Amino acid sequence: MSESAILETPLHALHVELGARMAPFAGYDMPIQYPDGVLAEHLHTRSHAGLFDVSHMGQALLGGADHASLAAFLESLCPADLVNLAPGRQRYTQLLNESGGIVDDLMVTRPPGAAGELRLVVNASRKAVDFALLRERLPKSARLTPLGEAALIALQGPLAAATLARLAPHEGLEAAPFMSARPARVAGFETFVSRSGYTGEDGYEISLPAAQAEMFARLLLTQPGVAPIGLGARDSLRLEAGLCLYGHELDETVDPVEAALGWSIQKRRRIEGGFPGAERIRSALAEGPRRQRVGLRPDGRAPAREGTEILSSDGAPIGAVTSGGFGPSVGAPIAMGFVKRAYAAVGTPAALVVRGKPLNTRVVAMPFHPHAYYRG
Amino acid sequence: MSQVRYTKDHEYIRIEGAEGVVGISEHAQQQLGDVVFAEAPPVGKMLKAGDPAAVVESVKAASDVFAPASGEVIAVNSEVEATPGLINEDALGRGWLFRIKLTEADELEKLMDEAAYVDYLKTLD
């Protein structure tokens, strides 16, 4: 990416107009924060609603003869049960390499009504790798269509449901189950809406044509309690929610069990296998992984950043921090990292080496801030 | 009558007789964003000009604060350690980090006064 020209999302001009501080992220010039700042934006999302431009992410359609064959193809690369994914539902899963390492994590949606179609949302930094991998393995009956001309806007927070209900009173989006998705007409815009997100809050991700994205975003921003939120707060929100970020918690050496994502491998796949690295992953499920992603709460106020060494209580190196910072809603420093399995139990004391000094910490359950997903 | 001098790393030192009060500039606090952690050096520590002396961290990033001049740390702002947001509210006032007893007064001549610092900021855009 570094050699090529920096890309812009369809909302770039709007971000600049709103006074965002822009910086490159995954090849795109993205809003890091708006004038209110990361702390205020984070807290606003938790108390009201935040609008996030996530148009940099890779959206694609996977088309095939029928659902069963298309899902079976994707199951040859991902460990989730996709054959039994119901119409109008989405699942979180991972693309795996031959040794079970994570090539990317992604959302897979089966649109209602469409026969033999899946929608994918992948990470911006990985879309070229993902699409190449899918194309290389694609059966003759299937095709991959990146939605290069689609924007993706996330609306997250406790006011998100009321906001869409006001703009689309006849769509019933406020009653849409968590991890469901469907086309919806919102204030005259043809969109595809999923009830999901990356903040731990209730909310939606809304896909629509790039040409309409700015008008739609401006409309959302006129709604009471809706404010634009940058990537800075997106990162602190997902960290508090205990969610992984590719390139930090996840990479091609980490398998889903080590990443504490075993919950995303449904029972049928655990029994049947048939995904890359199945042997390693099933043995990690049965016997426990060698290392594991954990949450850490440092004592005191000093944040422990990515790369910070983690020591056992008797001073032995046991792992490293993969994401760390200050949790604005927690009101204290929080971190995620990988530790050897023997040290992964909640309550285990450990130390974080910050500026040469060991700071006491302990393994804690995640999320750091309770999820507020819509459960009906 | 006190005067304020600045470093190219955006620290300030307010000179009060033989002592100096150190913090980060208004420009630095704006660039850093919401400060969530501040740590001053221990009282009694001898600092040379340019030594890493204190740490300020925003939600996203940690920044070292370097000693603008040499001296002994004689006081720290415990209020700012407890409430780091004071740096955003009042960087040159209640957001000070530590106070030193100057040992090399002529070092101050190398630092920028307010007007020179304002000119320097213009070159950074």
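Trainee: What covers the buried residues of helix 9 of chain A?

Mentor: Part of the cover is helix 8 (267–272) of chain A. This is a predicted model, where local features need pLDDT of at least 70, side-chain atom pairs count only at pLDDT 80 or more, and totals for chains, interfaces and linings use all residues. Residues are numbered from 1 along each chain as its sequence is written, while chains are lettered from A and ligands numbered from 1 in the order in which they are written.

Trainee: Which residues of helix 9 of chain A are buried?

Mentor: A residue is buried if 20 or more other C-beta atoms, placed from the backbone, lie within 10 Å of its own, exposed if 12 or fewer, and partly exposed in between. Helices are DSSP runs (H or I, at least four residues), numbered from the N terminus. In helix 9 (residues 278–287), A:Ile281, A:Arg282 and A:Ala284 are buried. Seen down the axis of helix 9 of chain A, these fall within an arc of 155°, so they line one face; the arc is that of the directions from the helix axis to the C-beta atoms.

Trainee: Which exposed residues sit on the face turned away?

Mentor: That face of helix 9 of chain A carries A:Glu279, A:Ala286 and A:Glu287. Next after the helix comes A:Gly288, with a positive phi near 95°.

Trainee: How many residues has the largest nonpolar core?

Mentor: Nonpolar side chains tend to be buried together in soluble globular proteins. A nonpolar core is a set of buried Ala, Val, Leu, Ile, Met, Phe, Trp, Tyr and Cys residues joined through C-beta atoms within 7 Å. Here the largest has 104 residues, and B:Phe98 is among those with the most contacts inside it. A second, separate core of 22 residues includes A:Phe368.

Technical notes: Helices (H or I, at least four residues) and strands (E, at least two) are DSSP runs, numbered from the N terminus. Two residues are in contact if their C-beta atoms, placed from the backbone, lie within 7 Å.
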